[in-house]
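My entries follow in the order in which I checked things.

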Amino acid sequence: MKSKSNIHLSVGSSSILMIFVVLCLTTFGMLSYVTANADSKISTKNAETVQNYYKANQLAQTKLEQLDSALFTAKSDAKQAVDEGTCDGLKNKSLYQSSSEVQPIFNSNLSKNEKYAICYQIFCKLLLSKSSGVVMEAAQDGNDEIKCSFTAEADQNRQIQVKLTVNSYPSAERYKITEEKLISTQDNAADASSEETFQLWQGSSKAQ
Amino acid sequence: MKRDSNQINSFFIEIIIVILFFSISAAVTLQLFVAANNRAQQSSDLSVAVIKAQDIAEQIKGISSLNELTEELKAAKYTSSGGTEHFLLDYDKQWNQTQSAPQYKIDIALTKDAVESGVLVHADILVSRCKSSGENQIFTLNTAKYLSKTP
C-alpha cells in the first residue's frame with residue numbers, strides 16, 4: 001500500500017486570510033490614529049488654556065503697574081500740594097480741585113504729616129476711580145482703608161480678579177494685594193438650573 | 001491530471017492578486033500608523049513643552065526683586081541684545097538638561113519696562129524642537145511680573 005499525502009490548496013483561502021489581515025491592520029491603524037488625534041486635541045486645548053491664563057496674568061500685572069503709578073503720583077502730588085498749600089502746580093489739578101475735601105485740608109491746623117496722609121488718601125481715591133476697569137469698594141465703618149479690585153479676561157468664561165488695599169501714607173509699600181484668584185464668568189443662574197441633585201447611597205443594600 | 005494543474009494555476013493567479021492587493025493595503029495602513037505616530041509625538045512634545053514653560057512662568061511670577069534669578073535661569077546660557085535678556089536652556093530627547101546636541105530648546109526673553117514707580121518684567125518663553133532643517137516652534141508663553149519700587 002502506498003500512502004498518498006495530498007495538500008489541498010483550495011482556491012479562495014488566501015483571499016479570506018488576506019481580507020482578515022487587511023481588516024485587522026485597518027482597524028488597529030484607525031484606532032491608533034483616533035487615539036493620537038484625541039490626545040493631540042486635549043494637549044492643544046490645555047496649551048490654549050494655559051496661554052490664555054498667562055495672557056490674563058500679563059494684563060493684570062500691566063494694570064497693577066498703572067495703579068501703582070497712580071499711587072506714586074498721588075504720593076508725590078500730596079507732598080507737593082501740602083508744601084505749597086495749593087494744587088495749582090500739579091498736573092492733575094483739575095481732578096483734585098473737583099473734590100471739595102482738598103482745599104479745607106490746606107487751611108486746617110493739622111500737622112504736616114496728617115495733611116500728607118489725608119491728601120494722599122483723597123488723591124488716591126480720585127486717581128484710582130479715574131482708572132478704567134477699577135472698582136472701588138465702599139469703605140467700612142471706622143475703616144479709612146482704600147480697597148479696590150480689577151479683573152483681567154482670560155477667555156470667554158474665566159477672568160483673573162485682583163483685590164488690593166492701599167496702604168496709608170507713612171507705609172513704605174504703597175499697596176497690598178489681598179486676593180488674586182481665577183473666577184468663572186458664566187451665568188450663575190444658568191449653572192444653578194442645570195445643576196442636578198443626585199440621591200446618594202445611604203449604606204443600606206436592603207430592598208425597600 | 002489536467003484538473004490538478006488547472007487548480008494550481010488558478011491558485012497562483014489568486015495569490016498574485018492577493019499579494020498585489022495586500023501590498024497596496026499595507027502601504028495605506030502603514031501611512032496611517034506613521035501619521036498616528038507623528039500625531040502622538042507632537043502631542044507628547046506639546047504636553048511637556050507646556051509643563052516646562054509653565055514651570056518657568058511660575059518661577060518668574062514668584063520673583064520679588066530684579067536681582068533674584070530663578071534656579072532654572074541660573075543654569076541657562078545668557079545673552080543680551082537690544083535691552084532684552086535671553087536665557088537659553090538645552091534639553092535632550094528625554095527632556096533632561098544637556099550641554100551638547102540638544103533635541104529641544106527653551107528661549108526665555110526678559111524685557112524690563114522701568115517706570116517711576118517700579119519695573120514691569122515681560123517674559124516671552126519659546127519652546128522649540130531642534131531638527132536638521134532648523135528649529136520647529138512647539139509652544140510660546142507670554143507673561144509679566146510687576147515689581148513695585150519702594151523707597
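I began with the hairpin in chain B that joins β3(B) to β4(B) through three residues. Strands here are DSSP runs of E of at least two residues and helices are runs of H or I of at least four, numbered from the N terminus, and I take two strands as paired if DSSP finds at least two bridges between them. β3(B) and β4(B) run antiparallel and are joined by 11 bridges, with B:Thr111 standing opposite B:His122 in β4(B). On β3(B) (residues 104–114) I also found antiparallel pairing with β2(B) (residues 84–91), over eight bridges, where B:Asp90 stands opposite B:Lys105.

Before going further I noted the conventions: residues are numbered from 1 along each chain as its sequence is written, while chains are lettered from A and ligands numbered from 1 in the order in which they are written. This is a predicted model, in which local features need pLDDT of at least 70 and side-chain atom pairs count only at pLDDT 80 or more, whereas totals for chains, interfaces and linings use all residues.

I then listed the elements of chain B, which has two helices and five strands, running α-α-β-β-β-β-β from the N terminus on. The C-alpha trace of chain B spans about 110 × 25 × 25 Å along its principal axes. I found 23% of the 151 residues of chain B counted as buried, that is, with 20 or more other C-beta atoms within 10 Å of their own, against 12 or fewer for exposed and in between for partly exposed, the C-beta atoms being placed from the backbone.

Next I looked up the sheet of chain A, an open one whose four strands come in the order β1-β2-β3-β4 with antiparallel pairing. Its edge strands are β1(A) (135–137) and β4(A) (175–184), each of which pairs on one side only. The twist averages 25 degrees from one strand to the next, with axes fitted as lines to C-alpha atoms, for helices over the stretch in contact, and angles running from 0 to 180 degrees between N-to-C directions. Helix α1(A) (residues 13–84) packs on this sheet, touching β2(A), β3(A) and β4(A), and its direction makes about 20 degrees with that of β3(A).

Where do the chains meet? I counted 39 residues of chain B in contact with 36 residues of chain A, contact meaning that the C-beta atoms, placed from the backbone, lie within 7 Å. On the chain B side α1(B) gives the most, with 24 residues.

Leaving aside neighbours within four places in sequence, I found B:Phe139 in contact with A:Ala47, B:Leu46, B:Ala49, B:Val50, B:Ala53 and B:Val127.

Notes: Two residues are in contact if their C-beta atoms, placed from the backbone, lie within 7 Å.
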